[in-house]
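Student: I am new to this structure and would like to work through it step by step. Could you take my questions in turn?

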Amino acid sequence: MDDKSEGVNKAVNLFNNGYNCSQSVVCAYCEELGISHEMGKRIASGFGGGLGGLRRTCGALTGAIIIAGLKHGSYDPTDIILKREYYQIIKDIEQEFSIKFSTSICKDLLKKSKAHFEASPMARTEEYYATRPCAVFVAYASEILESYLTDSKIKNN
């Protein structure tokens, strides 16, 4: 039996069924936050491929940050202390991801794995999944997210 959490497994399964990396992470957790699967899919739709295929920040990581924000990002915009604390959590999430993979940039993650990639979405074929490391990034971003959600590292606002 896989020792990963239900959320991590759900995120990877979503990715392996055609969702982009960001949608996979968001949709794995949105319903527990009272957001429909459809709304989660729509919220994260533009972040796949490192921001719409631009290969910038990894979409799995942005998906984790979206969920962290939906769960705990409601703070008074004039409360600079709470805003700084929340931003530090986001920086910590990004740093954990970057330490594990030496970067959080989609293009660099794919180059390191020697995966073929384009700016436009590619067909999800067996070959795509066999050569694409993105399920690993989806899983790890979900693991990081869960540690911040369950360990109360993010204050409830």
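Student: How many helices and how many strands does the chain have?
Tutor: Keep in mind that this is a predicted model. From the N terminus on, the elements run α-α-α-α-α-α-α-α-α. The count for the chain is therefore 9 helices and 0 strands.

Student: What radius of gyration does the chain have, and what would a compact globule have?
Tutor: Along its principal axes, the C-alpha trace spans about 50 × 30 × 30 Å. For 157 residues, a compact globule would have a radius of gyration near 15 Å, and the value for the chain agrees with this, being 15 Å.

Student: Which helices do the buried residues of α2 pack against?
Tutor: Helix α2 covers residues 21–29 and is mostly covered, with 9 of its 9 residues buried. Among these buried residues are Cys21, Val25, Val26, Cys27 and Tyr29. They belong to the set of buried α2 residues that packs against α1 (6–15), α3 (37–44), α4 (48–51), α5 (59–72) and α9 (134–150).

Student: Does Ser98 count as buried or exposed?
Tutor: Ser98 lies in helix α6, which takes in residues 80–101. A residue counts as buried under 20% relative accessible area. Because the relative accessibility of Ser98 is 15%, this residue counts as buried.

Student: Which side chain makes a polar contact with the side chain of Ser98?
Tutor: Leaving aside residues up to four places away in sequence, Ser98 touches Thr103 and Ser104. The polar contact between side chains, at 2.6 Å, is made with Glu94.

Student: How far apart are the mean positions of the positive and negative charges of the chain?
Tutor: The accessible surface of the chain comes to about 8,600 Å², of which 52% belongs to carbon and sulfur atoms. As for charges, the chain has 19 positive and 19 negative ones, and the distance between their mean positions is 7 Å.

Definitions and conventions: Residues numbered from 1 in each chain as written. Predicted model: local features only at pLDDT ≥ 70, side-chain atom pairs only at ≥ 80, totals over all residues. Heavy atoms only, no water. Buried < 20%, exposed > 50% of the residue type's maximum accessible area, 1.4 Å probe, protein only. Helix = DSSP H or I, 4+ residues; strand = E, 2+ residues; numbered from the N terminus. Contact = heavy atoms within 4.5 Å. Rg over C-alpha atoms; globule rule 2.2 N^0.38 Å. Areas by Shrake-Rupley, 256 points an atom, 1.4 Å probe, with all protein chains shown as cover. Lys, Arg positive; Asp, Glu negative; His and termini not counted. Charge placed at Lys NZ, Arg CZ, Asp CG, Glu CD. Polar contact = N/O pair within 3.5 Å; in protein donor to acceptor, adjacent residues only side chain to side chain.
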